[in-house]
Amino acid sequence: MTSVIAGLFGILGALIGSFLNVVIYRVPAGKSIVSPPSACGRCGARIRPFDNIPVLSWFVLRGECRDCKAPISVRYPMVELGTAVFFAVVALWVFAGTDPGPATGTSSATLATEIIVLVAFLYLAAISVSLAMIDIDTHTLPNKILLPAYVVAAILLTAAALVAGEPQRVLTTFIGAGSLFGLYLALALISPGGMGLGDVKLAGVLGLYLGYLGWAPLIVGAFGAFLLGGVFGLILLISRKAGRRSSIPFGPWMLVATWLGAFFGDQIAAGYLDLFGLA
């Protein structure tokens, strides 16, 4: 059953990843993600349906346009493959009962809760991929992705909590959003050059998810971003690949820390408390 779940959601993830490639390119450029159909950037030839199979088509075409032989970036299949693995992992995490908010009542309520939570976190996985890549490329986090995410996350996570018979999760969900948004807003006001408003808005979205999962994931996800980002920045400074004034996208580290908090927040918090004899 585990392999079936991983396979099915892996295929779904690959298909979503193909769409995310369009989002990653077009949203920062202010273009429609619906039309026109995808085409070669050099010759303008439209991508044929049989040349648009996630991952596989890139290898069949040997990384070149069928018409003009222009190279196709390896990043396209990497995004598709990465999203496939991401979706499979999230699905296994939810259905394995890693406490993403399972219901305590009937089995039907449990299943309904798991489905809602699965949709919510697959959505987060999809926007995580697109936002991370866009931030790396352009050092921006577009409102066209962030603002709808507030609505989608709030509705799905609230529904999951209520179906599970755990209304207290609604409170922690919005406390998480408010606390992370407030923290990042304060940092942005104190140091305008060090924290962008895109990071602030992203923090609110991530706070919804982490708050839903509980206090330990929220704390780990919140402080993990600064730890990971700080270590990465220090490595760049030591290797002289960046200077003190270099602009380093922080969004990807916020997203990585959020997923670490989601998957391992309880274990990390317990290990930290045990290390200092506070457990």
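1. Does Leu171 count as buried or exposed? Leu171 counts as exposed because its relative accessibility is 56%; exposed means over 50% relative accessible area, buried under 20% and partly exposed in between (1.4 Å probe, protein chains only). Leu171 is found in helix H6.

2. A word on the basis: this is a predicted model, where local features need pLDDT of at least 70 and side-chain atom pairs count only at pLDDT 80 or more, while totals for chains, interfaces and linings use all residues. Residues are numbered from 1 along each chain as its sequence is written, and side-chain values use heavy atoms, leaving out hydrogens and water.

3. Leu171 also belongs to a nonpolar surface patch with Ile175, Trp215, Ile219 and Phe223, together about 550 Å² of accessible area. (Patch members have over 30% relative accessible area and no salt bridge, with nonpolar side chains joined within 5 Å; a salt bridge is a Lys or Arg side-chain nitrogen within 4 Å of an Asp or Glu carboxyl oxygen.) H6 (168-190) and H8 (215-238) each give two or more residues, and H8 has the largest share, three.

4. Trp259 touches residues including Phe86, Val90 and Phe121 (heavy atoms within 4.5 Å).

5. Helix H4 covers residues 107-138 and reaches 46 Å from its first C-alpha to its last, close to the 46 Å expected (1.5 Å times one less than its number of residues). His139 follows H4 with a positive phi, near 60°.

Definitions and conventions:
Helices (H or I, at least four residues) and strands (E, at least two) are DSSP runs, numbered from the N terminus. Patches are made of residues with over 30% relative accessible area and no salt bridge: like charges are joined within 9 Å, nonpolar side chains (Val, Leu, Ile, Met, Phe, Trp, Tyr) within 5 Å. Accessible areas come from the Shrake-Rupley method with a 1.4 Å probe; for residues, only the protein chains shown count as cover. Lists of a residue's contacts leave out its neighbours within four places in sequence.
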